Amino acid sequence: MVKIREAIVVEGRYDKNTLSQIVDAPIFETGGFQIHKDKAQLALLRQVAEKRGLIVFTDSDGAGFVIRNYLKGAIPSQYLKHAYIPDIYGKEKRKATPGKEGKLGVEGMTRDVILEALRRAGATFEEGCGMQSGGITKQDMMELGLSGGKDSSLLRKKLMQKLQLPEHMSSNALLQALNLLYTKEELTVLLEDGKEEQ
């Protein structure tokens with residue numbers, strides 16, 4: 001498993017699944033063209049990009065470039081890197097027929113092709129990185145009332161609204177986002193500020 005400092009955004013869950021077997025990095029999905037309508041998801045991608053950088057890793061077909069160009073226009077360029085896969089014709093194993101343009105997507109690429117695309121994009125390869133030491137844990141989430149408690153669901157929802165995060169994030173997705181964006185101390189202050197506003 002290769003550790004990368006930047007977060008990566010891909011089109012869908014199969015792309016994410018392929019990358020998650022090769023790289024240790026936060027990986028987000030656009031849900032295809034859904035990103036055009038999902039303002040909260042775009043806001044999260046902007047925040048992550050500003051904190052640690054974001055690698056756009058879409059397919060090499062027309063749809064992939066539409067999504068890439070949308071993100072390019074929505075997120076300041078100094079926070080973005082672009083990974084490109086080569087045009088390789090064929091079909092992914094899970095599909096009965098090739099895609100519209102007949103090209104393999106990110107999910108159909110080999111480990112070597114993916115790593116080379118990330119190198120060319122300027123990804124920051126790290127050793128021993130991962131979550132920051134002292135990062136927010138599931139135990140912290142419980143202690144702060146964000147999981148396992150009577151009103152934890154409501155508290156998470158209020159926190160996600162305050163932070164402009166997508167409302168349908170699972171507890172695990174919220175934990176990942178919080179670790180990318182805040183320290184435990186910053187999260188505690190945010191929650192205290194929220195209590196004072198009530």
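Is Glu107 buried or exposed? With a relative accessibility of 17%, Glu107 counts as buried, since the cut-off for that label is under 20%. Keep in mind that this is a predicted model.

**Salt bridges**

The structure holds 8 salt bridges. Here are three of them, with the N to O distance for each pair.

| Pair | N to O distance |
|---|---|
| Lys81 and Glu6 | 2.7 Å |
| Asp87 and Lys103 | 3.4 Å |
| Arg94 and Glu107 | 2.8 Å |

Let's take Lys81 and Glu6 to begin with. Lys81 sits in strand E6 and Glu6 in the loop between strand E1 (2-4) and E2, so their bridge ties together parts that are 75 residues apart in sequence. Lys81 counts as partly exposed at 24% relative accessibility, whereas Glu6 is buried at 3%.

The pair Asp87 and Lys103 belongs to the loop between E6 and H4, and it ties together parts 16 residues apart in sequence. Asp87 is partly exposed at 45% relative accessibility, while Lys103 is buried at 17%. Glu101 joins in as well: Asp87, Glu101 and Lys103 are linked in a network of salt bridges.

Arg94 and Glu107 also lie in the loop between E6 and H4, so that bridge connects parts 13 residues apart in sequence. Arg94, at 45% relative accessibility, counts as partly exposed.

**The sheet**

Four strands make up an open sheet in the order E4-E2-E5-E6, with parallel pairing. Strand E4 (27-29) and strand E6 (80-82) are the edges, each pairing on one side only. On average, neighbouring strands are turned by 30 degrees against each other, direction ignored. E2 and E4 are joined by 3 bridges, and Ile8 has Ile27 as its bridge partner in E4. Helix H3 packs on the sheet, where it touches E2, E5 and E6, and its direction makes about 160 degrees with that of E6.

**Cores**

The largest nonpolar core has 34 residues, and Leu71, Ile75 and Leu178 touch the most other members. H7 supplies the largest share of this core, 6 residues. Leaving out residues up to four places away in sequence, Leu178 touches Ile136, Met141, Leu159, Leu163 and Leu187. There's also a second, separate core of 22 residues, which includes Val2, Leu19, Phe57 and Ile114.

**Helix H4**

In helix H4 (residues 111-121), the buried residues are Ile114, Leu115, Ala117, Leu118 and Ala121. They cover an arc of only 160 degrees around the axis, so they end up on the same side of H4. The face turned away from that buried side carries the exposed residues Asp112 and Arg120. Just after H4, Gly122 takes a positive phi of about 90 degrees.

How values were computed: Residues numbered from 1 in each chain as written. Predicted model: local features only at pLDDT ≥ 70, side-chain atom pairs only at ≥ 80, totals over all residues. Heavy atoms only, no water. Buried < 20%, exposed > 50% of the residue type's maximum accessible area, 1.4 Å probe, protein only. Helix = DSSP H or I, 4+ residues; strand = E, 2+ residues; numbered from the N terminus. Arc of directions from axis to C-beta. Core = buried A, V, L, I, M, F, W, Y, C linked by side-chain atoms within 4.5 Å. Contact = heavy atoms within 4.5 Å. Pairing = 2+ DSSP bridges. Axes fitted to C-alpha atoms, helices over the stretch in contact; angles between N-to-C directions. Salt bridge = Lys/Arg side-chain N within 4 Å of Asp/Glu carboxyl O.
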